[in-house]
Amino acid sequence: MTPTTPAIASTGNEGLDLILKGGLPANRLYLLEGAPGSGKTTLALQFLREGVRLGEPALYITLSETREELAVVAASHGFSIDEFEVFEFGSAAEVLDKGRQQSILHSWEMELTETVRLIEAEVERINPCRVVFDSLSEMRLLAQDSLRYRRQVLALKQFFAGRKTTVVLVDDMTGSDGGRDPHLHSLCHGVITLERLTLDFGAARRRMQVQKLRGVDFVAGYHDLNIRKGGLEIYPRLIALDHHADFVGDPAPSGLAALDDLLAGGPLRGTSTLITGPAGTGKTTLALQYLHAACERGEACTVLEFDERVGTLMARSRAFNLDLQRHVDSGCLVIQQIDPAELSPGEFAARIRHEVEDRDVRMIVIDSLNGYLAAMPQEQQLILQMHELLSYLSQRGVVTFLINPQQGLLGTIATGLNISYIADAVILLRFFEAEGRIRKAISVLKNRGGMHEDTIRELRIDREGIRVGEPLVDFKGVLTGTPEYTGQKSPLLEERAVGT
């Protein structure tokens, strides 16, 4: 039974199919372009294997690689090229005549017209539903003339036009100018571009975009990707408005009445809270208090840890009487160690989507924004990415805490990233001096979700956990970065009594 070619041909890559709104319109000619090492061959193999899975005959025509080299690439992903037909020109190949008798030839010794004739003969023999032609750079070399080359590409398009065949032309962009060919773009029904970016430090970054796709409202823009065992892992650009879910915007309390009073009960569902202040003021510990309370209520939570080791974070929680290990063991809490040098923003957003959509996470802590900034090549991109990410989490009703360390410990305090305007609430922590001791103060600068206290209170963190004191009415200079307490000793928190 001859398989029926679907109206939409899945690419075999889940991320790319999401970007293309299902896949490629079948029976058309497409261009897959990119520099060497960007992942073109891997994606082409996924495309053919998907056809084989659907019962469609598939053909890989290789002018640039030998069959052995192609087999090595496929084996690195757990594939086998025996699943589909491979027609090879690069090494000893056989010339097809009417009886399919063959002799030795090399692509650089063949006339372009003879090469095209052999390709057409092989297609006539196999009658494939999917064809990959790798690569056009060899055809350019054979043509030796841009006009002749373009005529032959057009001839190939016309040859496949009368067939039920979806064709992918692979181009490594190693032509005379090393750039894109506008004429080639106009000939193809769609163009997909893969890029490989080498950063000053860390792993190379890869991304892709759909340059054009006639008749399809695809997701435009750049999409990060990685080459993993099993194929390309593409992370579609996050569009927050596509992910709305109904939820009740009730407060998420911390379990400490005095702390909850600062935000009129706690941050609301679907809001983001920025906790900022110098190093050592207790930003992460404050977020862990809310996290612990959420886990005690049975809500799934996630910590994305950029700055500290997971072991250090767990030791800190134990030191302040927060038993997070129990919730990690139960699966209620997941702590992910993030290496910004190895992580693209698109993959980071994909991890968060996995936590929210697969684990139904209700609270997320990102510690810290400095680490997230290190994963981005430019600050403006970071702000745009973070804005879309927070909008997505808001649409899903997730409570988000962002830790933003400020530069400096005492005196004038500055921030390397002005992101406070996109957060729904801002909690400011500061050091201050009183009675010959260094103390900490906490205040809420804004809360879009509702009312908040405008007082400045003392914050104390010890082995029993967090305490929030009475308003420091004689406290001055907190917003200048040089806070000073000039009041009486009685409002200040002291050591806990034994047994409390």
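Asn127 counts as partly exposed, at 47% relative accessibility; the classes are buried for under 20% relative accessible area, exposed for over 50% and partly exposed in between, with a 1.4 Å probe and protein chains only. Asn127 is not a glycine, yet its phi is positive, at about 55 degrees. Asn127 sits in the loop between H4 and S6. Helices (H or I, at least four residues) and strands (E, at least two) are DSSP runs, numbered from the N terminus.

The model is predicted: local features need pLDDT of at least 70, side-chain atom pairs count only at pLDDT 80 or more, and totals for chains, interfaces and linings use all residues. Residues are numbered from 1 along each chain as its sequence is written, and side-chain values use heavy atoms, with hydrogens and water left out.

**Backbone geometry**

Lys21 also has a positive phi, about 60 degrees, without being a glycine. The loop between helix H1 (14–19) and strand S2 (24–25) holds Lys21, which is exposed, with a relative accessible area of 51%.

| Cis peptide bond | Omega | Location of the serine |
|---|---|---|
| Asp134 and Ser135 | about 5 degrees | Ser135: loop between S6 and H5 |
| Asp367 and Ser368 | about 10 degrees | Ser368: loop between strand S15 (363–367) and helix H13 (369–374) |

**The chain as a whole**

The chain contains 14 helices and 22 strands. Of its 500 residues, 53% count as buried. Among contacts (heavy atoms within 4.5 Å) with a separation of 6 or more, 68% are between residues 24 or more positions apart.

**Helix H6**

Helix H6 spans residues 146–161, 16 residues in total. From its first C-alpha to its last H6 reaches 23 Å, close to the 22 Å expected at 1.5 Å a residue; the expected span is 1.5 Å times one less than the number of residues. The buried residues of H6 include Tyr149, Gln152, Val153, Leu156, Phe159 and Phe160. They cover an arc of only 115 degrees around the axis, which puts them on the same side of H6. The arc is that of the directions from the helix axis to the C-beta atoms. An α-helix has 3.6 residues a turn, so residues three or four places apart point the same way.

On the face of H6 turned away from its buried side are the exposed residues Arg151, Gln158 and Ala161. The cover over the buried residues of H6 includes helix H4 (112–126), strand S6 (130–134), helix H5 (136–143), strand S7 (166–171) and helix H7 (182–187). At the start of H6, a side-chain oxygen of Asp145 comes to within 3.1 Å of the backbone nitrogen of Leu147. Such a polar contact is a pair of N or O atoms within 3.5 Å; within protein, one must be able to donate a hydrogen and the other to accept it, and residues adjacent in sequence count only if both atoms are side-chain atoms.

**His223 and its surroundings**

His223 belongs to strand S10 (residues 223–228) and is buried, with a relative accessible area of 0%. Its side chain reaches the backbone oxygen of Val219 at 3.0 Å. A polar atom of the His223 side chain also lies 2.8 Å from the backbone nitrogen of Arg237. Leaving out residues up to four places away in sequence, His223 touches Ile19, Arg207, Met208, Gln209, Ile234, Tyr235, Pro236 and Arg237.

Ala349 lies in helix H12 (residues 345–359) and is buried, with a relative accessible area of 9%.

**Cysteines**

A search of the whole structure finds zero disulfides, a disulfide being a pair of cysteine sulfur atoms within 2.5 Å. Cys332 is in no disulfide; the nearest cysteine sulfur, that of Cys295, is 4.1 Å away. Cys332 counts as buried at 12% relative accessibility. Cys188 is buried as well, with a relative accessible area of 0%.
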